[in-house]
Amino acid sequence: MTPYDHNRTPLFDAMVALAESRKVSFHTPGHKSGKGISTRFRKFVGPKVFSIDLTCLDEVDSLQKPRGVIREAQELAADIYGADQSFFLVNGTSGGNQAMILSVMKPGEPILLTRILHKSVVSGLIMTDCKPIFIPLQSTPDCDLLLNDRTDTIIQAMNRHPEAKKLFLTSPNYYGVTLDLPTIIQEAHSRGVTVLVDEAHGPHLHFHDDLPPSAMASNADLCVQSTHKIIGGMTQASILHAKKANIDIERLTSVLRYLQTTSPSYILMASLDLARMQMATEGKKLLSKAIDLARKARERIRKIPGLTCIDRDEVKAASGGDNDLDETKLAIGVKGIGLTGYQVSQKLNHEFGIQVEMADLHHVLVIVSIGDHREDLDRLVRAMEAISHQAMTLKSIIPINVKPPYAIASSRMNPREAFFSSHQSVPLEEALGKTAADIVTVYPPGIPLLIPGEEITQTVLDHLILMRETGATLDGLDSDNRLINIV
Ligand SMILES: Cc1ncc(COP(=O)(O)O)c(C=O)c1O
């Protein structure tokens, strides 16, 4: 039995008590509980929020060296997620990815990474100067959606590289497609490999049996979650969880002291305390509702002419049983109505007042969460029916089938060496054969097509040029859309 009472919110309670004590402040923040804040700001958000915009004080503890209520709040988070220690983060999962890598890697050491990764992982590689070994993503010819890695591919990579004692995984990916973490982590541990998981899109997985298993439940050594993306954290608020068997917790704590601001927002940290309480006490009920809303919407969308919306069985079948799907993500396939995902996203926004999480060439991605209601999903389904009807009447041309070439990277130097080499910018058309000096992604989903140090191949260039023409945002080029490469 857990000794922890998860109705408690020690940090938030201490903040409220301090605000209500009305002590006179001669410390930061300079707005002094909102007395000095702009009137327009205060009028819109109300006065109370400023009274809990605090700084490190005895009553509310310090994130740099937690001994009081922040420590208690972090212990509650660790308890519910099954970690030995959890850490509040105020620079999102981006900061957590950097901290995970910096705490376990040394310069020159090899680390295996799946190719589905966020650019913050690359910044961690640059900081440490470790030696990445990327596991190429296998393509899935029968499936339009970007799935996740196959279990065997990862196991084979560990067998080929016994010198690499760290493995970095991303699960779920942006579309909610998860890896078979229990199997992969067991295989890794049996080889003495420590596993780091970017679970930015999965802070809720731990709280419902109908969702794929979470990283901590699968025995990951380190895992970071964007509490703000899916459950009740405020934007930027994430949590990093650690198990001590393979992790030097002192080192991790020290790394976080270097990387995190010395002025963390108490409002963000309180939102983590409250999000943990909410998930621990009523997460299952809230998630049941979100899963049910998503399932019903998925069924209706799948019946709309020209549209697809992949389900759990289809993900499992397309991945040979290796991947699973978080059903609260609706990846609506729009190729069949002759429009790109970018066009549908624009229509939803400007004609129907609906904003989606992201679009790629063939999909729009809808996140259904504990904040949604049936009417919101009804509105989405009706809008998709109308867009499908319009598009089918116009008989638009079906866009070509495009798969991003994430699998073909050829690395010439470590990301850090490439990052610090002298470089120049050239038009995309002239970059063939050169070496990338910056990360290049099509955003979203923001998975790097080029990582500093990789050869710029014809396949990548063709893809970038094509994506530029379809209206996608290319990230990592200079302001004139030229590719940055090493001289
Ligand atoms: C897979 C993945 N990891 C990490 C991040 C960064 O998370 P955050 O925005 O919390 O810094 C993102 C952001 O979209 C992501 O998609």
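In this predicted model, the buried residues of helix 5 are G92, T93, G95, G96, N97, Q98, A99, M100, I101, L102, S103 and V104. Helix 5 is therefore described as mostly covered, since 12 of its 13 residues are buried, that is, under 20% relative accessible area. At 1.5 Å a residue, its 13 residues should span 18 Å, and because the end C-alpha atoms are 19 Å apart, the two values agree.

The shell around the ligand consists of 13 residues, and the closest are S94, D198, H201, S226 and H228. Helix 5 (92-104) and helix 9 (227-230) each supply at least two residues of this shell. The most comes from helix 5, which gives 4 residues. Sorted by class, the shell holds 10 polar, 2 charged and 1 nonpolar residues.

The side chain of D198 has an N or O atom 2.6 Å from a nitrogen atom of the ligand. For H228, an N or O atom in the side chain is 2.7 Å from an oxygen atom of the ligand. Of the 390 Å² of accessible area that the ligand has on its own, the protein covers 86%.

Helix 4 (residues 69-81) was examined in the same way. Its 13 residues should span 18 Å at 1.5 Å a residue; the end C-alpha atoms are 18 Å apart, so the span agrees with expectation. The buried residues of helix 4 are V69, I70, A73, Q74, L76, A77, A78 and Y81. In an α-helix there are 3.6 residues a turn, so residues three or four places apart point the same way. The partners against which the buried residues of helix 4 pack are helix 1 (10-21), helix 11 (266-302), strand 1 (85-89), strand 7 (222-225) and strand 8 (238-242). After helix 4 comes G82, which has a positive phi, near 75 degrees.

A further residue, H161, is placed in the loop between helix 7 (151-160) and strand 4 (166-170). Apart from neighbours within four places in sequence, H161 is in contact with L112 and I133. Between the C-alpha atoms of H161 and L339, which are 178 residues apart along the chain, the separation is 43 Å.

Key:
Residues numbered from 1 in each chain as written. Predicted model: local features only at pLDDT ≥ 70, side-chain atom pairs only at ≥ 80, totals over all residues. Heavy atoms only, no water. Expected span 1.5 Å × (residues − 1). Buried < 20%, exposed > 50% of the residue type's maximum accessible area, 1.4 Å probe, protein only. Contact = heavy atoms within 4.5 Å. Near = heavy atom within 4 Å. Polar contact = N/O pair within 3.5 Å; in protein donor to acceptor, adjacent residues only side chain to side chain. Areas by Shrake-Rupley, 256 points an atom, 1.4 Å probe, with all protein chains shown as cover. Nonpolar A, V, L, I, M, F, W, Y, C, P; charged D, E, K, R; others polar.
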